[in-house]
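I opened this entry to look up how a few parts of one chain sit against each other. My notes follow in the order I made them.

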Amino acid sequence: MKKRAWDFELIETLGIPKIIFNDIVEPGELYGYLTEEIMEETGIGKVPVIAIGGHDTASAVAATPFIDSKNAFLSSGTWSLLGKELDLPIINKESFEANLTNEGGIGNKIRLLKNINGTWLLQQLKKNWSEYNEKVDFPEIIKEAKKYANCSFILDTNDERFMNTKNMIKTIKLYCIEKNQGEPKELGEFAMAIYNGLTNEYKKTIEELQKIIGEEIQGINVVGGGIQDQFLCEMTAKTTGKEVIAGPIEAAVLGNFMIQAIAMEKIGSIKQGRELIYKSFNCKRYTNSNILQETV
């Protein structure tokens with residue numbers, strides 16, 4: 001990870017054939033052009049093929065419009081990926097015990113992050129409640145959750161039983177009873193158990209990151225589909241005590257577009273691209289459960 005190259009010593013130790021490992025291509029490199037056959041078939045000419053992020057999260061973080069370089073990022077969707085963009089990897093006992101990964105970023109950066117369960121929990125609650133009770137949509141779930149905003153139900157989102165359950169309602173109920181939290185019965189109580197669990201894990205991860213990188217995180221830039229849940233953004237700001245800057249939704253797409261624009265010399269840098277993104281898309285700022293400002 002430090003050399004940004006294959007570890008052939010480890011590869012050989014594991015008995016994996018070296019021949020299957022291709023040359024590493026960095027994001028932003030011109031990989032080549034469409035073949036003559038494809039150009040003739042499509043009629044679109046000599047289109048360059050540019051390498052982008054090897055994972056959608058890498059592209060999403062590249063497009064994250066950090067207001068402050070000391071902010072963390074949270075790619076919020078079915079999964080939550082919470083971390084900090086760094087110049088160098090942090091590979092030690094502390095990062096290992098915190099279950100943090102050092103993933104390659106764009107522009108020679110490292111994404112020190114944790115994979116956390118995400119809105120999949122709410123998606124499954126919606127699905128199962130509609131199957132076993134009455135049809136509901138996310139606005140109704142949020143409305144009901146707010147009625148029980150002060151309830152004490154809370155999930156450990158890392159618990160394996162929440163990763164692949166066929167009945168989220170039953171699983172949450174049994175978990176809360178087992179942990180002596182009482183028995184949730186209403187839709188809002190089940191939803192709040194999820195919201196409390198997610199935001200508590202965000203808080204814990206932020207504290208781990210601060211300890212490991214040795215500096216305070218000023219705020220959290222949240223991108224992805226999860227920002228459409230304003231209640232989750234409010235809860236994140238309230239629970240973590242950090243300002244939340246939410247937007248844009250389609251950060252991965254914008255990151256891919258930005259990397260190609262840099263390669264084609266349409267814009268000069270990732271920093272410039274992020275500034276353009278911040279000015280071009282709605283970004284809402286939350287603190288203490290309130291929207292501070294909306295930029296358009």
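I began with residues 1–61: their end C-alpha atoms lie 18 Å apart, and the span is 31% helix and 11% strand. Helices here are DSSP runs of H or I with at least four residues, strands are runs of E with at least two, and both are numbered from the N terminus. UniProt, in an unreviewed entry, lists residues 1–61 as "domain: Carbohydrate kinase FGGY N-terminal". UniProt positions are given in the numbering used here, feature names are shortened, and annotations may be inferred rather than shown by experiment.

I noted the basis of the model. It is a predicted model, where local features need pLDDT of at least 70 and side-chain atom pairs count only at pLDDT 80 or more, while totals for chains, interfaces and linings use all residues. Residues are numbered from 1 along each chain as its sequence is written, and side-chain values use heavy atoms, with hydrogens and water left out.

Next I looked up residues 73–264, which the unreviewed UniProt entry annotates as "domain: Carbohydrate kinase FGGY C-terminal". This span is 47% helix and 17% strand, with its end C-alpha atoms 27 Å apart.

**Strands β5 and β6**

I found β5 (residues 101–104) and β6 (residues 110–117) running antiparallel, joined by four bridges. Two strands pair if DSSP finds at least two bridges between them. Thr101 has Leu113 of β6 as its bridge partner. The two strands form a hairpin with five residues between them, and Gly107 in the turn has a positive phi of about 80°.

**Helices α6 and α8**

I then checked α6 (residues 138–147) against α8 (residues 187–213): the axes come within 7 Å and cross at roughly 90°. Axes are lines fitted to C-alpha atoms, for helices over the stretch in contact, and angles run from 0 to 180 degrees between N-to-C directions. α6 is therefore roughly perpendicular to α8 (under 35 degrees is roughly parallel, over 145 roughly antiparallel, 65 to 115 roughly perpendicular, the rest oblique). Ile141, Ile142, Glu144 and Ala145 of α6 touch Leu187, Gly188, Ala191, Met192 and Tyr195 of α8, contact meaning heavy atoms within 4.5 Å.

**Helices α5 and α8**

Last, I looked at α5 (residues 120–132), which packs on α8 at about 165° with the axes 10 Å apart. The pair is therefore roughly antiparallel. I listed Leu121, Leu122, Leu125 and Trp129 of α5 as meeting Leu187, Phe190, Ala191, Ile194, Tyr195 and Leu198 of α8.
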